[in-house]
Every structure is written in C-alpha cells, then in structure tokens.
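Thanks for coming. I'll take a few minutes to walk through one structure, starting with a term we need and then going from the whole protein to single residues.

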Amino acid sequence: MESGITETRQDVRKRDRQHVEDMMNIAELRIDIEKVDNHILVNLSGYLNADNDARLTSLMLQHLENVDGGAILECGNLEYISSAGIRALLMVGKKMETGRKGVLVLVALQGPVRQMAEIAGLDKLFAVCDTLEQAEALMKP
C-alpha cells in the first residue's frame, strides 16, 4: 500500500517539475534583428515582459546606431506583451525620436498584443501596419 502512495507522490512531483519547466519556456522571447537597407527589421516571438524587456531595448538601441531609417517590429508571433514590454517600446521610440533615428513601425499585431497596444495608445504614437510590405513601403526614402 505504501508504494502506491510513494508512486503517486513521485508522479505529482514529476508533473509539478514539468509544469515549472513549461512555464519557464512560455516566458521566453525570441529576438531576431537584421539590417535591411536604411532600417532594422526586428522579429519578435514569444512573450515580451519584465524578464526580457531590457534585453530587447538594449539590442534595438545597439542596432539602431548603424541605421538612420528606423525600425520595423514584426509582431505576428508575439503572443503576449506586459506593461514592461509596452514601456520598452516607448523607451526605444523616444530614443529614436530624440536621436533622429527614423520611425518605429509595428507590424502584424494580433489578439491580446493588439489589444494591449491599443489600450496603451501605441497605435497613436507609432505607425501600425498589417503586413511587412506596407511597413517596408513606409521606410522608403
């Protein structure tokens, strides 16, 4: 009888460990940045939150030093954005404005990310496009 209880406890512990690992994977943000003509293209996927907003800000500002046309943020695979993520975009946008580094364009905002962006007023501060082609057209000199 005792071994049945031990197995059950082990199963519960294993499930709990797996749940913690799954939650850690969910909280990740993938950032891919490439220089395209006079701007940078930033592909975001995953979750933009307080755990990774500083990394995004730092990477974007670093890459923006080498361009003068601005940045396109491709958000089609961004699943979540927290208030810290909103703050990061506002900080980058402000530094771009003061450094005359072009415009910040948000592309393919979806579901909850679009809702957060609209609630925060990002759609009034930055250009928002449905497609990458539309955003690229805004970047042409």
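First, the term: a residue counts as buried when its relative accessible area is under 20%, and as exposed when that area is over 50%. Please keep in mind that this is a predicted model.

Take Ala 108 as a case. Its relative accessible area is 11%, so Ala 108 is buried. Ala 108 sits in the loop between E4 and H4. Its phi is near 60°, which is a positive value in a residue other than glycine.

Asp 37 also has a positive phi, of about 50°, although Asp 37 is not a glycine. This one lies in the loop between E1 and E2. Is Asp 37 buried or exposed? Its relative accessible area is 58%, so Asp 37 is exposed.

Now the overall layout. There are six helices and five strands in the protein. Going along the sequence, the order is α-β-β-α-β-α-β-α-α-β-α. The protein has 141 residues, and 37% of them count as buried. If we take contacts between residues at least 6 apart in sequence, 68% of them join residues at least 24 apart.

On to the interior. In soluble globular proteins, nonpolar side chains tend to be buried together. Here the largest nonpolar core has 27 residues, and the ones that touch the most other members are Val 42, Leu 44, Leu 56, Met 60, Ala 71 and Leu 73. Which elements supply at least two residues each? They are E1, E2, H2, E3, helix H3 (83-98), E4 and helix H4 (111-120). The largest share, five residues, comes from E3. There is also a second, separate core of nine residues, and its members include Val 36, Val 105, Cys 129 and Met 139.

Let me stay with Val 42 for a moment. Leaving out residues up to four places away in sequence, Val 42 touches Ile 31, Asp 32, Ile 33, Leu 56, Met 60, Ile 72, Leu 73 and Glu 74.

Ile 72 brings us to the strands. The bridge partner of Ile 72 in E4 is Val 105. E3 and E4 pair in the parallel sense, over five bridges. E4 itself is mostly covered, with four of its five residues buried.

Next, helix H6, which spans residues 132-139 and has Ala 135, Glu 136 and Met 139 buried. Looking down the axis of H6, the buried residues fall within an arc of 100°, so they line one face of the helix. What do those buried residues pack against? The partners are strand E1 (29-36), strand E2 (39-48), strand E3 (70-81), strand E4 (103-107) and strand E5 (127-129).

My last stop is Asp 53, in helix H2, which covers residues 53-64. With a relative accessible area of 7%, Asp 53 is buried. Its side chain makes a polar contact of 2.7 Å with the side chain of Arg 87. Apart from neighbours within four places in sequence, the residues in contact with Asp 53 are Leu 48, Ala 84, Gly 85, Arg 87 and Ala 88.

That is the tour. I'm happy to go back to any part of it.

Notes:
Residues are numbered from 1 along each chain as its sequence is written. This is a predicted model: local features need pLDDT of at least 70, side-chain atom pairs count only at pLDDT 80 or more; totals for chains, interfaces and linings use all residues. Side-chain values use heavy atoms; hydrogens and water are left out. Buried means under 20% relative accessible area, exposed over 50%, partly exposed in between (1.4 Å probe, protein chains only). The arc is that of the directions from the helix axis to the C-beta atoms. Contact means heavy atoms within 4.5 Å. A polar contact is a pair of N or O atoms within 3.5 Å; within protein, one must be able to donate a hydrogen and the other to accept it, and residues adjacent in sequence count only if both atoms are side-chain atoms. A nonpolar core is a set of buried Ala, Val, Leu, Ile, Met, Phe, Trp, Tyr and Cys residues joined through side-chain atoms within 4.5 Å. Two strands pair if DSSP finds at least two bridges between them.
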